[in-house]
Amino acid sequence: MVFILAATGSAVGLGNIWRFPYITGMNGGGAFVLIYLLCVFAIGLPIMVAELLIGRASKQSPALAFKKLGGKNGDYWQYIGWFGIIAAFLLSSYYSVIGGWTLYYIYQSFNWHMSDLTKDHALNAFSTFTADPATQIFWTLIFILIGVIIVLKGVKGGLEAFNKIFIPALLLMIVLLVINALTCKGAWDGLMFLFYPDFSKISGETVLAAMGQAFFSLSLGMGAILTYGSYLHDKESLMNTSFVIVLLDTLVAVLVGIAIFPVLFAFGMSPESGPGLTFITMPVAFSNFGTVLGPILITVFFMILAFAALTSSISILEPVVAHFVDKEILSRKVATIMLGFLIFILSIPSALSNGGHDIFSSKNFLGRSFMDFADFIVSDNLLPLGGFGIALFVFFVLSREVRRYEVPKYYGIWKPLLLIAAFAVAFVYLHKAASDIPWLIVAVILVMIIIDLAVISSKQESDKPLEPHELQEIKEARKLEHENSNQDNST
Ligand code: PHE
């Protein structure tokens with residue numbers, strides 16, 4: 001149970017409350033949501049099982065996990081882990097900027113006068129805030145510092161235990177917002193936008209965006225879930241665990257959509273307003289609660305959001321810190337501080353991407369602002385490619401015995417689904433990349449390398465039963481773990 005809450009704490013974050021609504025808004029609503037749901041269950045779920053499996057079977061941080069389980073080609077497979085490390089750096093850099101926004105909004109919520117919180121006020125407040133370079137950098141830094149202190153102090157466990165309160169609190173808050181939204185005048189239009197699928201709005205772009213959002217929101221493809229898997233107890237079913245995480249994460253995203261779009265339509269705002277969507281709509285939604293309750297609720301909301309962002313952001317840092325510590329390159333303390341510093345440097349261009357500085361805010365980076373570009377590299381490239389690698393690795397490289405041992409119950413359904421998911425990812429990815437020749441070339445090369453590696457490794461490894469001593473090792477590790485946890489429970 002604690003495990004599920006911890007992994008859900010990683011999954012539920014800005015991806016659900018900040019990214020899902022704005023990406024849905026930009027991609028036309030209903031049809032996008034439908035494809036998103038399909039991606040979550042048909043692609044995300046089997047890949048989550050695979051990622052947890054690699055973690056649990058190896059008990060290592062990502063790159064070392066691939067190396068350990070990858071047999072003769074482990075040295076090559078570990079680059080999938082490295083992909084994850086690069087993704088984590090880039091992701092943390094802009095994630096921290098948005099995390100900083102949540103902190104600023106908590107601070108700001110004490111100053112808001114709900115009676116004059118009109119849509120124009122909320123819009124102005126947001127664009128003035130994001131256009132101020134010093135404020136952007138300051139709040140980003142504070143967010144990174146809090147994360148670094150939590151990792152350094154080793155209170156991560158305590159924080160995860162707090163998920164017991166936080167996840168129900170978050171759900172309660174969202175349900176309150178949903179009720180508020182449904183009583184808005186334009187509620188119906190908002191719901192139609194969110195759920196009525198207009199298939200004429202679907203393109204390769206939409207499908208890739210939906211898949212990228214599924215990977216982002218479920219924390220898949222970069223080793224975060226793998227790292228959680230390495231702590232997961234042997235008794236837990238990977239399939240059930242994954243299913244609960246996926247369900248909770250999706251529930252939060254969809255409910256947030258229901259809480260936001262009706263308000264948006266009721267106040268005549270555009271669903272296409274981009275990354276500011278949640279930060280503009282939420283204050284307006286809370287103004288409906290009056291001048292006493294409104295300010296209290298808005299403060300609580302942004303506190304919950306900041307907490308959600310922090311637990312996710314720590315889960316992004318953790319595999320990278322673990323990598324340097326496991327390889328005995330750096331101590332935990334030095335790794336965390338250095339990582340925090342590098343992320344801060346890397347976050348500056350993203351912090352200046354929403355009006356803070358012309359170079360980063362204009363579409364200079366493959367037709368995107370710097371922040372959108374970083375997000376494109378992570379969500380539309382590295383995470384899906386990581387997921388593809390994970391799926392092929394588990395399918396072709398791991399021996400049947402390990403797979404069956406880890407997924408005893410739904411093996412027959414999960415295994416073919418995993419292969420289908422892998423090829424769906426590759427298809428969607430390459431199809432979209434075909435719109436841009438340089439991107440296509442890079443994409444084809446990367447996909448081919450992963451496939452080649454899988455084919456070569458499978459010839460050597462597949463269906464080769466585990467050496468008796470290897471199997472024995474796994475079993476003994478498991479036994480030890482059981483004993484330890486029994487001791488923990490009895491003390
Ligand atoms: N899933 C997290 C969110 O929704 C973000 C995340 C992505 C965390 C990848 C870890 C790894 O905010």
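**View 1. Lys67 pairs with Asp75 in a salt bridge.** Their closest N and O atoms are 2.6 Å apart. A salt bridge here is a side-chain nitrogen of Lys or Arg within 4 Å of a carboxyl oxygen of Asp or Glu. Lys67 is partly exposed, at 35% relative accessible area. Asp75 is partly exposed too, at 41%. (Buried means under 20%, exposed over 50%, partly exposed in between, with a 1.4 Å probe and protein chains only.) The model is predicted: local features need pLDDT of at least 70, side-chain atom pairs count only at pLDDT 80 or more, and totals for chains, interfaces and linings use all residues. Residues are numbered from 1 along each chain as its sequence is written, and side-chain values use heavy atoms, leaving out hydrogens and water.

**View 2. Arg56 forms a salt bridge with Glu406.** The closest N and O atoms are 2.7 Å apart. Arg56 sits in helix H3 (residues 30-58) and Glu406 in helix H18 (residues 400-406), 350 residues apart. Helices are DSSP runs (H or I, at least four residues), numbered from the N terminus. Arg56 is buried at 2%. Glu406 is buried, also with 2%.

**View 3. Lys432 and Glu205 meet in a salt bridge.** The N to O distance is 3.7 Å. Lys432 lies in helix H19 (residues 411-433) and Glu205 in helix H10, so the pair ties together parts 227 residues apart in sequence. Lys432 is buried at 11%, whereas Glu205 is partly exposed at 45%.

**View 4. Ile54 touches several residues.** Among them are Phe66, Leu69 and Ile390, not counting residues up to four places away in sequence. Contact means heavy atoms within 4.5 Å.

Notes: Helices (H or I, at least four residues) and strands (E, at least two) are DSSP runs, numbered from the N terminus.
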